[in-house]
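Trainee: Could you walk me through this model, one feature after another?
Mentor: Gladly; let us look at it together.

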Amino acid sequence: VLWYSVHQVLENEEVQKNGCIGIGVNNETSRSFSSYDIKVLRWIWKDVINILPIRVVAFHQFATIDVINNLVQCAMFAMNPHTRARVRAHAITSPFEAGPILDGFGIPMDVIPIEFGGDDEFDPEAWLEERIREDSNLNDNTADGDDTV
């Protein structure tokens, strides 16, 4: 999913100009920390984000679980001041509370997914299927010797 998300950002000139905002939401139904590959996440953050021409202007982490908020707060001490200034940790009781909080930071409700309390009826599964289909079509055209997109 990250591969397609990054390329979606790269293709959008408005995002290139204004930068992108990362949003993480953890609650009781989220995956456990043991399911995350910390080495891969560190590699993505350190190498991929710094190499690709994507300007991350902020990252908001929302969690209904106190331990996650505490871990994010501790991790912020290890960040350099430039990065730390762009990271916010928010304690919430429901993912739907994220929308109004983001709206308070100037992120309009129409771009915040409904699942986070916004107005955008974004379907991530349909979007991912479409991106994979586009990628497959691109590969098929290239394999046929047609290098036009």
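Mentor: Strands here are DSSP runs of E of at least two residues, and helices are runs of H or I of at least four, numbered from the N terminus. This is a predicted model, where local features need pLDDT of at least 70, side-chain atom pairs count only at pLDDT 80 or more, and totals for chains, interfaces and linings use all residues. Residues are numbered from 1 along each chain as its sequence is written, and side-chain values use heavy atoms, leaving out hydrogens and water.

Trainee: Which strand is joined to strand 2, and do they run parallel or antiparallel?
Mentor: Two strands pair if DSSP finds at least two bridges between them. Here five bridges join strand 2 to strand 3 (residues 87-91), and the two run parallel. Phe59 stands opposite Val87 in strand 3.

Trainee: How many salt bridges does the structure hold?
Mentor: A salt bridge is a side-chain nitrogen of Lys or Arg within 4 Å of a carboxyl oxygen of Asp or Glu. The structure holds two. Glu130 pairs with Arg133, with the closest N and O atoms 2.8 Å apart; both lie in helix 7, three residues apart. Arg131 bridges to Glu134 at 3.5 Å between the closest N and O atoms.

Trainee: Is Arg131 buried or exposed?
Mentor: Arg131 is buried, because its relative accessible area is 9%, whereas Glu134 is partly exposed at 37%.

Notes. Buried < 20%, exposed > 50% of the residue type's maximum accessible area, 1.4 Å probe, protein only.
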